[in-house]
Amino acid sequence: MSERTYDVVVIGAGNGGLAAAATTAQKGMKTLLIEQHTLPGGYASSFVRGRFEFEPSLHELCDVGKEGEWGACGTFFKDLGLDIEWVPVPEAYRMVITDKDEKLDVKMPFGLNEYIDKMEEYVPGSRESVTNFFDLCQEVLDAIGYLGASKGNPDKKVLTSKYSNFLKTASYSVDQVEKALKIPKKARDILNAYWCYLGTDTEKLGFTIYGAMMIKFLLLGAYIPKMRSHEISLAFEKAIRDFGGDVIYGTKVEKILVENGSVVGVTTDKGEKINTKHVICNAPRHVAFGNMVEGADEIKEKANREFNSRKVGGKGYVAYFGLNKTAKELGLTDYSYFIYPTVDNKKLYNSMFERGNNPMQAIVCLNNAIPDCSPPGTSMLTVTTLYKDGAWDDVNETNYVQVKNKIAKDIVRNIESALNVKISDAIEEYSVASPQTFARYACAYDGSIYGYESETWDSLLPRLLMMKDDLYINGLRFVGGFAFRCHGYSSGYMSGNTIGLLTYKDSLEEK
Amino acid sequence: MSKKLNVKIKAIGLLDLLAFKKLVPNRKKKFEEAPATEIRKTPPMNELAAKLHPKHQKFTITDVVELTSSMKQFELSSDTAAYFRAGQYVSVKLDINGHKVTRPYSIMSSPKAALSGKYMLGVKKADDGFVTEYIFDNWKEGTVIETSGPEGNFYYEDIRDAKTIIGIAGGCGITPFFSMAQAIRDGIEDFNLCLLYGCKTLNDIALRKELDVIAQTDSRVKVVYVLSDEKKEGYEHGFITADVIKKYAGDEPYSIFMCGPQVMYDFISKEIAKLGLEKKYVRRELYGQINNVEKYEGFPKDKVGKKYKLTIHMGQNTTITEALSTESILVAVERAKIKAPSLCRTGECGCCRSRLIAGDVFIVEDTDGRRMADKKFGYVHICSSFPLSDLEIEIPVE
């Protein structure tokens with residue numbers, strides 16, 4: 001068995017792994033990134049069908065910003081010198097509710113004032129409470145920044161004096177906070193449209209994470225890369241190599257070797273042992289603890305309990321359509337649509353446990369941000385929905401195609417009726433990423449495209465406060481959707497950045 | 001922004017700070033109180049994914065049938081064979097005198113047979129094909145072979161295609177259509193398949209009896225034989241032209257699917273252009289490895305016959321070899337006895353995607369299936385890239 005030694009080994013080249021490896025390599029640590037697939041990025045990739053190149057997963061990237069007002073991700077990318085062409089997303093979202101009695105069709109802009117104004121237009125009298133809501137979101141964002149800067153040891157006086165509203169609301173759900181602020185029901189329905197990006201209904205979803213996301217979207221807008229998210233992944237890969245890091249594909253880490261509670265190395269399916277004191281793992285905690293860690297049996301029970309206390313987020317289903325007419329010809333006027341059968345997101349959440357014929361949909365028409373993303377005279381439409389445990393358990397090898405195609409047909413029918421458009425006769429290319437597809441290419445645990453659900457008790461804040469407690473093995477830290485930053489593109493990248501820096505700090509302390 | 005807020009949650013101001021303080025103990029408690037039952041290592045979605053998409057499959061050849069003088073049918077058997085969609089292929093992995101090569105072959109049997117661990121492959125002996133020659137000489141009952149999982153996108157999709165498929169088959173290109181016809185018969189697929197099957201002479205028709213039986217028993221399947229080198233009553237004579245397609249297509253909307261040799265694609269494409277169909281109604285199976293790149297537009301004349309130094313990095317190994325300008329990098333890598341990942345060999349699937357560290361390559365535009373960002377960051381599909389200078393590449397480990 002050949003042996004090599006690295007300062008840090010990063011397992012998995014998903015968003016978190018790429019970001020972590022770029023960070024440690026930039027800091028001068030001898031870094032090795034190992035990915036079992038032959039492509040980087042996990043879901044941040046692209047694929048070609050006929051004359052179309054589809055974006056597999058990214059709807060809009062939060063926290064990028066632009067020259068003069070970079071967000072956290074934007075600053076991080078710039079600091080690494082990533083070569084990515086960013087394109088702004090034109091509007092926050094259009095939400096269409098199809099229920100007969102609840103019917104709603106609103107289009108919300110980016111920009112805090114613009115958003116509040118628009119809300120007032122749709123819901124007269126909402127201005128004050130919605131303004132208060134965003135005021136609070138801003139405080140949350142500042143407080144999280146402060147907590148991050150204090151590295152988990154905040155000054156209580158500063159917290160109580162400067163961030164008292166944050167403290168008061170931090171342990172509540174989105175619904176509880178919105179109700180306390182007396183936001184009118186209709187305004188709440190509109191405010192909560194983004195809930196599906198986090199995959200937990202607003203009765204259970206922690207307020208801090210939602211509030212922080214909302215305000216970032218509205219203040220900085222959202223961006224997408226010109227060449228699909230594959231461009232981000234390759235820009236990261238190039239940065240890692242340029243900083244002297246190594247990247248190997250088609251290789252699977254089988255074991256994380258632990259001695260006396262500390263990481264000593266990893267082994268791969270190619271029969272190689274790599275010595276290292278630091279492993280940054282992009283695989284979920286429970287996968288690492290359950291299948292990979294060797295030499296730390298004492299943590300198994302704890303790890304099992306931790307996993308069993310949590311819920312794994314929604315399984316992904318994405319239908320991709322290459323259309324032989326332009327978005328304009330088809331009447332697809334907007335970039336981002338949420339088509340929900342009802343405003344009641346708890347009902348929507350519960351509907352994910354079965355395969356109904358009217359699933360909620362998050363839709364992107366890429367051409368409305370990047371007009372030339374497909375050949376002249378064509379357009380692309382990507383539709384995402386989510387499923388929970390049980391919804392796909394009856395699916396087997398012989399009904400698999402039927403199941404995924406039935407959902408696609410339901411989706412097309414629902415889009416046609418909700419938006420009053422006709423797309424069914426324009427489908428030139430069609431593909432589906434099912435939970436199995438995500439499992440196949442990115443090893444998604446049970447097809448989930450999210451991490452553990454960020455319910456109030458296990459949301460961003462409690463995870464941040466317990467980063468030290470969650471460190472079960474010295475030198476083994478986690479990034480990505482299952483890690484402390486919760487899921488989502490920007491969280492994935494920033495988790496990698498933070499953990500990369502913490503690992504670097506650990507390595508300095510050893511010296 | 002505006003004034004300082006005073007958010008009232010449940011109107012119990014101080015207790016809310018307690019709630020904040022309780023976040024950590026609450027989460028600890030949640031963890032501690034949960035059961036310690038083992039975590040399922042392979043949950044249901046991953047289990048099915050592995051069944052549908054195995055990376056490798058091992059088969060024993062259990063039957064060999066001569067379909068025509070130049071085409072053989074091989075029955076592959078195993079305990080499990082991945083279910084597939086009629087029209088898909090497997091990439092066969094061969095070791096010929098130390099050269100690890102692959103070839104894609106459509107699965108010609110019904111998906112139903114896969115449920116009992118069986119695939120059929122049809123192989124036509126090519127004139128200059130050292131691989132088909134190897135297969136003809138070496139594949140016998142009892143031979144163990146390795147393939148990929150089912151691959152490719154050459155199958156019917158009702159959400160996209162017309163209900164009637166005009167299948168244009170040339171030579172060995174009958175195999176995916178034979179699978180589709182059986183899938184229709186077996187109730188797995190539901191569309192009308194009108195097969196225009198082009199052969200040189202009557203003797204070159206493979207699977208004739210089997211096709212006729214399906215056509216007689218299932219009204220959705222129709223077969224028309226088109227003979228180019230022989231005039232016979234009851235058969236179309238000549239090539240498959242726009243007129244032949246129109247004659248059999250009828251009045252209903254149809255999609256054209258074609259599978260055959262490159263010369264057929266080149267001819268038929270011109271004929272199909274006359275039909276004025278929307279692009280979405282015309283689909284072609286893999287174009288196939290390009291063996292005469294020097295004839296394609298844009299290939300620099302002065303590079304014909306040139307040999308270049310090719311430096312290959314794979315894992316921790318580096319190999320230096322020679323590469324011919326008119327052979328794909330993949331072929332050069334295989335000549336050097338290196339096992340490179342590959343499936344379609346047409347530039348489409350991206351399995352052989354490799355990092356081009358230094359040098360220039362030529363890629364036929366039609367077979368450039370790369371992603372935009374791959375072009376930007378210097379990645380190539382080595383099966384469809386031809387050396388125009390000394391090259392240094394990094395190939396992913398398989």
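Two strands count as paired here if DSSP finds at least two bridges between them. Keep that in mind for the exercises below, which all work on a predicted model.

**Exercise 1. In what order do the seven strands of the open sheet in chain A run, and which strands are its edges?**

Step 1: Follow the pairings across the sheet. The order comes out as 10-9-19-20-21-18-22 in chain A, and the sheet is open with mixed pairing.

Step 2: Look for strands that pair on one side only. Those are strand 10 (104-108) and strand 22 (427-433) of chain A.

Step 3: Check the twist, which averages 15 degrees from one strand to the next.

Step 4: See what sits on the sheet. Helix 17 (residues 435-442) of chain A packs there, touching strand 18 (315-323), strand 21 (379-387) and strand 22 of chain A. The direction of helix 17 makes about 100 degrees with that of strand 18 of chain A.

**Exercise 2. How many bridges join strand 9 to strand 19 in chain A, and which residue is the bridge partner of R94(A)?**

Step 1: Take strand 9 (residues 93-97) and strand 19 (residues 336-340) of chain A. They run parallel and are joined by four bridges.

Step 2: Pick out R94(A) and look across to strand 19 of chain A. Its bridge partner there is Y337(A).

**Exercise 3. Which residues of strand 2 of chain A lie on one side, and which on the other?**

Step 1: Walk along strand 2 (residues 8-11) of chain A. V8(A) and V10(A) are on one side, with V9(A) and I11(A) on the other.

Step 2: Apply the burial cut-off, which is 20 or more other C-beta atoms within 10 Å. All four of these residues are buried, so both faces of strand 2 of chain A are covered.

Step 3: Find the neighbouring strand. Strand 2 pairs with strand 3 (residues 31-34) of chain A in the parallel sense, over four bridges. Within that pairing, I11(A) stands opposite I34(A).

**Exercise 4. Why does chain A count as being as compact as a globular protein of its length?**

Step 1: Tally the secondary structure of chain A: 19 helices and 23 strands.

Step 2: Compare the radius of gyration with the globule rule. Chain A has 22 Å, close to the 24 Å that the rule gives for 511 residues, so chain A is as compact as a globular protein of that length.

Step 3: The C-alpha atoms of chain A fill roughly 65 × 60 × 45 Å along the principal axes, and 60% of the 511 residues count as buried.

Step 4: Turn to the contacts in chain A with a separation of 6 or more. Residues 24 or more positions apart account for 74% of them.

**Exercise 5. Are R228(A) and R345(B) buried or exposed?**

Step 1: Start with the backbone. Most residues other than glycine have a negative phi. R228(A), however, has a positive phi near 65 degrees, and R345(B) has a positive one near 60 degrees.

Step 2: R228(A) is found in helix 11 (residues 228-242) of chain A. R345(B) lies in the loop between helix 9 (329-335) and strand 15 (353-358) of chain B.

Step 3: Count C-beta neighbours inside 10 Å. R228(A) has 26, so R228(A) counts as buried. R345(B) has 27, so R345(B) counts as buried too.

**Exercise 6. How many residues does each chain bring to the contact between chain B and chain A, and which helix of chain B gives the most?**

Step 1: Count both sides: 55 residues come from chain B and 71 residues from chain A.

Step 2: List the elements of chain B that give two or more residues. They are helix 1 (13-33), helix 2 (44-52) and helix 10 (372-376). Helix 1 of chain B gives the most, with 12 residues.

**Exercise 7. What separates the centres of domain 1 and domain 2 of chain B, and of domain 2 and domain 3 of chain A?**

Step 1: Chain B is divided into domain 1 (53-147), domain 2 (164-284) and domain 3 (296-394). The centres of its domain 1 and domain 2 are separated by 23 Å. Their contact takes 14 residues from domain 1 and 16 residues from domain 2 of chain B.

Step 2: Chain A is divided into domain 1 (3-85 + 226-311 + 452-510), domain 2 (109-221) and domain 3 (314-445). For domain 2 and domain 3 of chain A, the centres are separated by 29 Å. Here the contact takes 10 residues from domain 2 and nine residues from domain 3 of chain A.

Conventions
Residues are numbered from 1 along each chain as its sequence is written. Chains are lettered from A and ligands numbered from 1 in the order in which they are written. This is a predicted model: local features need pLDDT of at least 70, side-chain atom pairs count only at pLDDT 80 or more; totals for chains, interfaces and linings use all residues. Axes are lines fitted to C-alpha atoms, for helices over the stretch in contact, and angles run from 0 to 180 degrees between N-to-C directions. Two residues are in contact if their C-beta atoms, placed from the backbone, lie within 7 Å. Domain bounds come from an automatic or database domain assignment. The radius of gyration is taken over C-alpha atoms; the globule rule is 2.2 Å times the number of residues to the power 0.38. A residue is buried if 20 or more other C-beta atoms lie within 10 Å of its own, exposed if 12 or fewer, and partly exposed in between; C-beta atoms are placed from the backbone.
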